[in-house]
Amino acid sequence: MNAKILVLPGDGIGPEVIAKSVAVLEKVAAKFGHNFSFEEALMGGIAIDKTGNPLPEETLRQAEQTDAILLGAVGGPKWDNPTAPVRPEQGLLGIRRHFGLFANLRPVKVYPVLAEHAPLRRELLEGVDMLFVRELTGGIYFGSRQEQGDGDSAYDTMLYSTDEVKRVADVAFRAAQGRRKKVTSIDKANVLAAMRLWRRTVVEVHEDYSDVALEHLLVDAATMHLLTRPSSFDVIVAGNMFGDILSDEASVLAGSLGMLPSASLRSDTFGLYEPIHGSAPDIAGQGKANPTGTILSAALLLRYSLQLEDEAQAVEQAVEQTLADGARTADIAPKSGSYISTDEFADTVLSHI
Ligand code: NAD
């Protein structure tokens, strides 16, 4: 297969981890007989420094001609002034909006060998393997908002249309069909009208997926169930705000932010893939970054944009084997144990593909 991939290294540890992810994709291409071409472009702080714009037109033009985007991370103390007219994260929001990427997928898997790094007891973490599907372009983060009077009151509106709920629910049910065939839908239908529409629509969409079990949870209960029975979840679908909060809560189960990938998708195969962590300026340039989240993001790119499931699994198994070998970057090393560099860790992953 031929595929064109746009690479946006970004800031901080972004370029360090993205280089490893590209090396993994190159190895996959060589091993499985594919032809992947990579183009690099500017986004985030580095783009502000070079062009004054966190998401230059040229980057969008290049992105439009590719099959998928692989992103490192953006931001850092140099640009972190909340009142600055342009900020690195505007690049992120801008690219999601430009491409209509309405579904954010975040798999959270606990590797048994890393259970000691998670805040829950080992027995609770056994078998934890869930996929968050968060609606990304609607809901309260995109509703109208205003401060009123002398700034002594303010409002934000949570608005969802049935079409917005349907398309993200479809993504969730389809994903569940390829997994353990269960969807948990999160809402607050007991209080919010927009969430009653959410639940009603998810129930309607479920009629087309009779092979998948559907469970509803109120968001407040979900925060507790995620900690008391995390292994019972398969696919979790939620609106923008609830998905934001719950997926962050669940991410601590994996033991380190550096472990987790994400995909932002729309109805066709185009997607944006990035680790969930930020630019980690505290460890940038020291060879300490864990490249796993970015390497697993490349696996998601293979799965969702290129539909190369065997290749995606080869990458995931290589990561699993690397951890089973005892390879550890600083963030996942035992407290007084030794650790290896980003390069050494990634070389071990490559050797297992
Ligand atoms: P962060 O995720 O960058 O770092 C939080 C902590 O986790 C740090 O101690 C860091 O060293 C550690 N960490 C993160 N990724 C790691 C990895 N791969 N390997 C090992 N350790 C890792 O979050 P932050 O410190 O709150 O933010 C730093 C900058 O990143 C800010 O400018 C923020 O705006 C930006 N940010 C960007 C994104 C993104 O690009 N999607 C997301 C979150 C934060």
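Reply: Let us begin with the lining of the second largest pocket, where the residues divide by class into eleven nonpolar, seven polar and seven charged. Here Ala, Val, Leu, Ile, Met, Phe, Trp, Tyr, Cys and Pro count as nonpolar, Asp, Glu, Lys and Arg as charged, and the others, Gly among them, as polar. This is a predicted model, in which local features need pLDDT of at least 70 and side-chain atom pairs count only at pLDDT 80 or more, while totals for chains, interfaces and linings use all residues. Residues are numbered from 1 along each chain as its sequence is written, and side-chain values use heavy atoms, with hydrogens and water left out.

Me: Which element gives the largest share of the lining of the second largest pocket?

Reply: On a 1 Å grid over the protein atoms alone, a pocket is an open set of points with protein on both sides within 12 Å along at least five of seven lines, a cavity is a set where a 1.4 Å probe fits but cannot get out, and lining residues have an atom within 4 Å of a point. Helices (H or I, at least four residues) and strands (E, at least two) are DSSP runs, numbered from the N terminus. At least two residues of this lining come from each of β3 (68-73), α4 (88-98), β4, α9 (240-251) and β12 (271-275). The largest share, six residues, is supplied by α4.

Me: How much space lies in the largest pocket?

Reply: A volume is the space filled by probe spheres set on the grid points, which are joined across faces, edges and corners. By this rule, the space in the largest pocket is about 920 Å³.

Me: Which element gives the most to the lining of the largest pocket?

Reply: The lining of the largest pocket has 17 nonpolar, six polar and twelve charged residues. Domain 1 and domain 2 both contribute to this lining, so the largest pocket also lies between them. With five residues, the element that gives the most is α11.

Me: Which residues line the largest cavity?

Reply: The count comes to one cavity of 30 Å³ or more, and about 30 Å³ of space lies in the largest cavity. Its lining has six nonpolar, three polar and no charged residues, and α9 gives the largest share, three residues. The lining consists of G139, I140, M158, Y160, M195, G239, N240, M241 and F242.

Me: What radius of gyration does the protein chain have?

Reply: The protein chain holds twelve helices and twelve strands, and its C-alpha trace spans about 50 × 50 × 45 Å along the principal axes. The radius of gyration is taken over C-alpha atoms, and the globule rule is 2.2 Å times the number of residues to the power 0.38. For 353 residues a compact globule would have a value near 20 Å, and the protein chain agrees with this, at 20 Å.

How values were computed. Domain bounds come from an automatic or database domain assignment.
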